[in-house]
Amino acid sequence: MKKFLIIFFTLTTINAFAVEKKTTFTNEIFLEAQKLGKTIVINSWSKNCGSCAMQTKILNDAEKEFSDILFLSFEHTKNRKIAKQLNIDFWTTILVYKGDKLVSKTMGQLEKSVIYSEIKKGI
């Protein structure tokens, strides 16, 4: 039983890291979207973070459902300047802006319904 649990945990952890993640955040895109009053969702993640992978899966689905919203992301550990600019201290942070106003900041949230609710605050 112990071996089974170890193998199961290893396989589920590997699957969590299989989500494709990439940095799409640039200041130019972000500032232009703010000027236009768009709703912007920013995802801060780290390559070795399992909960970040789960959040990214949910946000990938949300991007398909909320076509009028701009979704941006960045790898926190490689883009510390972006994290500092946005006042993000933790990997698993999601920010929602409506234009230049921050309307939501969540950390470590893994429930789809809560993440969607926070995104809707920017609509």
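Author: Two strands are said to pair if DSSP finds at least two bridges between them. In this predicted model, strand 1 and strand 3 meet that condition, with six bridges in the antiparallel sense.

Reader: What makes strand 1 and strand 2 a pair, and in which sense do they run?

Author: Six bridges join strand 1 to strand 2, and the requirement is at least two; the two strands therefore pair. They run parallel. Within this pair, valine 41 stands opposite phenylalanine 71 of strand 2.

Reader: What is known of the pairing of strand 3 with strand 4?

Author: Strand 3 and strand 4 run antiparallel and are joined by six bridges. Tyrosine 97, for instance, has leucine 102 in strand 4 as its bridge partner.

Reader: What order do the strands take in the sheet?

Author: The four strands form an open sheet in the order 2-1-3-4, with mixed pairing. Strand 2 (70-75) and strand 4 (101-107) each have a single partner strand, so they stand at the edges and one side of each has no neighbour in the sheet. Neighbouring strands are turned by 15° against each other on average, direction ignored.

Reader: What makes strand 1 count as mostly covered?

Author: Seven of the seven residues in strand 1 (residues 39-45) are buried, where buried means under 20% relative accessible area. In a regular strand the side chains alternate between the two faces of the sheet. Here one side carries Thr39, Val41, Asn43 and Trp45, the other Ile40, Ile42 and Ser44, and all are buried.

Reader: Why is the pair of phenylalanine 30 and tyrosine 97 given its particular ring geometry?

Author: The structure holds four aromatic pairs. In the pair of phenylalanine 30 and tyrosine 97, the ring centres are 5.2 Å apart and the planes stand at 75°. The cut-offs are centres within 6.5 Å for a pair and planes over 60 degrees apart for the edge-to-face class; the pair is therefore edge-to-face. Phenylalanine 30 lies in helix 2 (residues 27-35) and tyrosine 97 in strand 3 (residues 93-98), so the pair ties together parts that are 67 residues apart in sequence.

Reader: How do you know whether phenylalanine 30 and tyrosine 97 are buried or exposed?

Author: Phenylalanine 30 has a relative accessible area of 4% and tyrosine 97 one of 9%. The limit for a buried residue is under 20%, so phenylalanine 30 is buried, and so is tyrosine 97. Both belong to one aromatic cluster, formed by Phe25, Phe30, Phe74 and Tyr97.

Reader: What makes the link of cysteine 49 and cysteine 52 a disulfide?

Author: The S to S distance of cysteine 49 and cysteine 52 is 2.4 Å, and the rule asks for sulfur atoms within 2.5 Å; the link therefore qualifies as a disulfide. By this rule the count comes to one disulfide. The link is right-handed, with 80° about the S-S bond. Cysteine 49 and cysteine 52 are both buried.

Reader: How do you know that the length of helix 3 agrees with expectation?

Author: Helix 3 has 16 residues and, at 1.5 Å a residue, should span 22 Å; its end C-alpha atoms are 23 Å apart, which agrees. The buried residues of helix 3 include Cys52, Ile58, Leu59 and Ala62.

Reader: Why is the contact of glutamate 65 with lysine 112 called a salt bridge?

Author: The N to O distance of glutamate 65 and lysine 112 is 4.0 Å. The cut-off is within 4 Å, so the contact is a salt bridge. Glutamate 65 lies in helix 3 (residues 50-65) and lysine 112 in helix 5 (residues 112-120), so the pair ties together parts that are 47 residues apart in sequence. Lysine 112 is partly exposed, at 41% relative accessibility.

Reader: How many salt bridges does the structure hold?

Author: The structure holds three salt bridges. Glutamate 75 and lysine 78 form one of them, at 4.0 Å, N to O; glutamate 75 is buried at 9%, whereas lysine 78 is exposed at 63%. Glutamate 118 and lysine 121 form another, with the closest N and O atoms 3.1 Å apart. Glutamate 118 counts as buried at 14%, and lysine 121 as partly exposed at 46%.

Conventions
Residues are numbered from 1 along each chain as its sequence is written. This is a predicted model: local features need pLDDT of at least 70, side-chain atom pairs count only at pLDDT 80 or more; totals for chains, interfaces and linings use all residues. Side-chain values use heavy atoms; hydrogens and water are left out. A salt bridge is a side-chain nitrogen of Lys or Arg within 4 Å of a carboxyl oxygen of Asp or Glu. Buried means under 20% relative accessible area, exposed over 50%, partly exposed in between (1.4 Å probe, protein chains only). The expected span of a helix is 1.5 Å times one less than its number of residues. Rings of Phe, Tyr and Trp (its six-membered ring) pair if their centres lie within 6.5 Å; planes under 30 degrees apart count as stacked, over 60 as edge-to-face and the rest as tilted. Axes are lines fitted to C-alpha atoms, for helices over the stretch in contact, and angles run from 0 to 180 degrees between N-to-C directions.
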